[in-house]
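Hi,

Here is the structure I promised to pass on to you.

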Amino acid sequence: MNRSLGAVRDLAFRQWTKLRETIQSLGATVEILPPQPGLPDLVFTANAGLIFHDRFFSSRFKHDVRARESPHFDAWFAANGFTVMHFPENHYHEGAGDALFCGEILFAGYRTRSDVLSHQWLAEQCGVQCLPLELVNPRFYHLDTCFCPLAPGIALYHPDAFDTYGRRVLHTHVPTLIPVNDAESLRFGCNAVAIGKTVIHNSGCPELARRIEEIGFRSVEVELDEFLKAGGSAKCLTLRLDGEEAASWRGHETNHPESTKPPG
Amino acid sequence: MAAKAHSVEHVVMTGHIVDSLLLSKVLDSIRSRGGKYHLHGLVLGENPDDISTASIEVIADTPDQLQAILKEIHPHGAVPRHPHDVKTVVADVDGAFPDGFYCSTNFRTEIRVHGKWIEVLDQEMDCGIRLDGESARCIPMTAVAKGDCIVVGQNGIRVFPPDAEIRRHELFEFMASPVSSERPKGVSVREIAAAMKRAKAAGEKVMAVLGPAVVHTGGGEHVVELIRRGLIDVIFAGNALATHDLEQALYGTSLGVSFDRGLPTSEGHEHHLRAINSIRRWGGIAKAVESGHVKSGIMHEAVKRKIPFVLCGSIRDDGPLPEVITDILASQTEMRKHIPGTGFCLMVATTLHSIAVGNLLPAWIKVACVDINPATVTKLMDRGSSQTVGIVSDAEPFLRSLVAEIAKSS
């Protein structure tokens, strides 16, 4: 992220509102977390934690400015029917920004923000298989900036964010992998929100849009450049409460009242 | 002392380390930084949801190289198996360990003190470990003094079985060979001769543990020859071996049986008692040799060449000879003094002393155990030393072959 480029406040709010409206137009319910003074990154709710059925695994942040967000997230989830779980001491984890289900497997990014051991602990807690992937490119410092499951077995990814091991793991375990080119990856095209067969992503990614439509999904662009300056885009600004689109487990019963209506 | 050329750390990885290629990544990483590794344990999960665990020994040439490797592999989930220092308790009584004391093996052992691994000295099985500042050693129960810092529990201790250090294709590699009289001896004798020479060449000591049958069967002259060739540096034995060796020197008999004619001599059954008595009158074995009374035999050769010997008494001794240590604990203490620097131990024809010495030796000292009784050899090999070669044989023929082999390859 480049904080030296000051985000224009009004523009940012308009972009955020457009994203919210787009999501709602697809039939999804959106819960709003009220902003808090002194917590500029609270808006990136993807990093609040990881959701698995009715458990919320609250993130353990490396940096203090985000660590101070956790009590707000914890309070919201506790009040909304989730069991709040905490990572053990010294186990850093940045939630759905670094751990994403694609089918049965939890893919996880480590090195910059989250630790391998945290992912393994999480996997054990949830009883799922977790495949940690090293994030070798500092510009793609969360997994959701370079990897986006759209449905079980289908995902977008940016090859240069991973090393040979990571790419081999992805190719082995994700049958349909759509590479996103450098330019569009830098615009955080991979940081997309999948709802049903619609994929919402940052504007200025025509190649990505084309590839998405090619495989039978619908591409919707929303300009989110003000948030790009802070190091995030569509996915970072949201946290899917009823299980990600590509997660196999969301087909099973959940306790959570909200659910996504499939787009008409 | 065990050779320790490398810096070593044990790390553990758990999770889906195979599917995620993390295990490969870590092993590749170790190699690409010039280190080596040893996979101590790899437990693979059966189903995709099951996790796997790998226990990896990371080996580097220098501590700095090791630290660099550990730093690189840590983010991929390779974490130290022993994140904690060793735990100690102050001994509250003399002559006994605190409850829960760590009980030693005869394998090379290290303990972690202030984050650093230090080698435990005087490695011996069935002891405790005493920490003195920055150094640690094995001590027997009887040596505990109130106030000693004794290691307790299992944390911060790592043990290196010698199997991991054996890579050569020699007899001593085949630890699990069954004991039997029906095995080609030539190979065994050749290997023992070679091992003794190798130890000497490396500046190590060769220890001989001898039972009285060595003399009874006429093997004394071969032991003398081994001493003359500089292949024995210390002798452990009992009253009987020394007594009958001296009986042979003074009377030409052992247990009254003549070496010339192989038949009992008249009043021969008294010879050994008269020999002991004479030695006692002369003031001991050393004095008997120096004054010229004893002119041949193992003891004579040992005194002349200043080869130390420790004679440990037993409940059935006649006499005993003056040099025999009748206090068992004092004997053990004396024997322990000779162990550092030993590279090879040859045990011939004694059950009691072989087992006693076997219990004192660290696992990396090669041992050859020769006895006419298969049970003795089995017992020695069962005690847990993985570096013991057993030969079922009468004492004299073995020693004769050994000397012949050594002479051949000189």
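Between chain B and chain A there are eight residue pairs in polar contact, counting pairs with both residues at pLDDT 80 or more. That cut-off comes up because this is a predicted model, not an experimental one. On the side of chain B that touches chain A, strand E1 (7-15) and helix H1 (22-32) each supply at least two residues. H1(B) gives the most, with four residues. Sorted by type, the residues on this side of chain B are six nonpolar, seven polar and four charged.

There are also two salt bridges between chain B and chain A. One to find on your screen joins the side chains of B:Lys25 and A:Asp163, at 2.7 Å from N to O.

How many residues does the contact take from each chain? It takes 17 from chain B and 17 from chain A. Together the two chains bury about 1500 Å², and 59% of that is on carbon and sulfur atoms. Keep an eye on B:His16, B:Leu21 and B:Lys25: these three supply 32% of the area that chain B buries against chain A, more than any other three residues.

Now for chain B as a whole. It has 13 helices and 19 strands, and 50% of its 410 residues are buried. Its accessible surface is about 18700 Å², with 53% belonging to carbon and sulfur atoms. Of the contacts in chain B between residues at least 6 apart in sequence, 66% join residues at least 24 apart.

Cheers

Note on methods: Residues numbered from 1 in each chain as written. Chains lettered and ligands numbered in written order. Predicted model: local features only at pLDDT ≥ 70, side-chain atom pairs only at ≥ 80, totals over all residues. Heavy atoms only, no water. Buried < 20%, exposed > 50% of the residue type's maximum accessible area, 1.4 Å probe, protein only. Contact = heavy atoms within 4.5 Å. Areas by Shrake-Rupley, 256 points an atom, 1.4 Å probe, with all protein chains shown as cover. Buried area = accessible area lost by both parts, 1.4 Å probe. Salt bridge = Lys/Arg side-chain N within 4 Å of Asp/Glu carboxyl O. Polar contact = N/O pair within 3.5 Å; in protein donor to acceptor, adjacent residues only side chain to side chain. Nonpolar A, V, L, I, M, F, W, Y, C, P; charged D, E, K, R; others polar.
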